[in-house]
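Reader: I'd like to learn how to read pockets and helix packing in a model like this one. Could you walk me through it?

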Amino acid sequence: MTIDQARVLRLYAEAAHTAHEALTALDQISGDGDFGDNLCEGLDLTVAALDASPYEPAVAVAGSVFLDRVGGTSGPLIGLLLSAISRALAEEPDERDGWASGVREGLAAIQRVGEAEPGDRTMVDALLPARDALVDGEKFADAARAALAGAAATAGIRARRGRASYVGDRALGTPDPGATGVALLFWALARVAEPEAVLGEVAELVPLPGTTP
């Protein structure tokens, strides 16, 4: 199985722009309000870098962009995830195994740096179920659904890490923007790897706070 990494990242960029307003609104409730901007900027820079160097490993390019050029708390963490995935894809002969190993190692790196645990209302809550699905050999669509469900479940969690931990109960009832944004990576991956899968559209999956999807 060959998965077009560049296509995954381009679709991820499109998804981030579609969800930008909602991600910004979510982060205004729980953080600095810049998560949507930072995610879109990182992915736009990635797409530009891929256009300039189309033969470079796409996920490696994305990892470098997020580590070196994207601000905020989330930029370097997403960079760690993407860099771990790129290393695993280069080492594993089977791409499915590469994605599974990369997400596992990326999650471990994020937890080492950010010290977040499941239930802290962070991107870990989306990454952990996605990792489990991939490591268990489930389909990419199952990993995407698991990540999206994990992100949605953060709406019921009082934050213990990150900026959201300072706002008390104000963010309850709305999902964590970081978890939601990371879950869209798995949505894009599944759409490319398993185009027959039914996953829903981004506007429905990431509605504006206070609206019904």
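Author: Let's begin with the second largest pocket: helix H8 (residues 140-153) gives the largest share of its lining, three residues. Helices here are DSSP runs (H or I, at least four residues), numbered from the N terminus. This is a predicted model, where local features need pLDDT of at least 70, side-chain atom pairs count only at pLDDT 80 or more, and totals for chains, interfaces and linings use all residues. Residues are numbered from 1 along each chain as its sequence is written, and side-chain values use heavy atoms, leaving out hydrogens and water.

Reader: What is the volume of the second largest pocket, and which residues are the closest to its centre?

Author: Its volume is about 240 Å³. Of the 16 lining residues, Ala152, Pro175, Leu205, Val206 and Pro207 are the closest to the centre. A pocket is an open set of points on a 1 Å grid over the protein atoms alone, where a 1.4 Å probe fits, with protein on both sides within 12 Å along at least five of seven lines; lining residues have an atom within 4 Å of a point.

Reader: How do H5 and H6 cross?

Author: Axes are lines fitted to C-alpha atoms over the stretch in contact, and angles run from 0 to 180 degrees between N-to-C directions. The axes of H5 (residues 74-91) and H6 (residues 95-114) come within 7 Å and cross at roughly 145°.

Reader: Is Ser74 buried or exposed?

Author: Ser74, found in H5, counts as buried because its relative accessibility is 12%; buried means under 20% relative accessible area, exposed over 50%, partly exposed in between (1.4 Å probe, protein chains only).

Conventions. Helices (H or I, at least four residues) and strands (E, at least two) are DSSP runs, numbered from the N terminus. Grid points are joined across faces, edges and corners, and a volume is the space filled by probe spheres set on the points.
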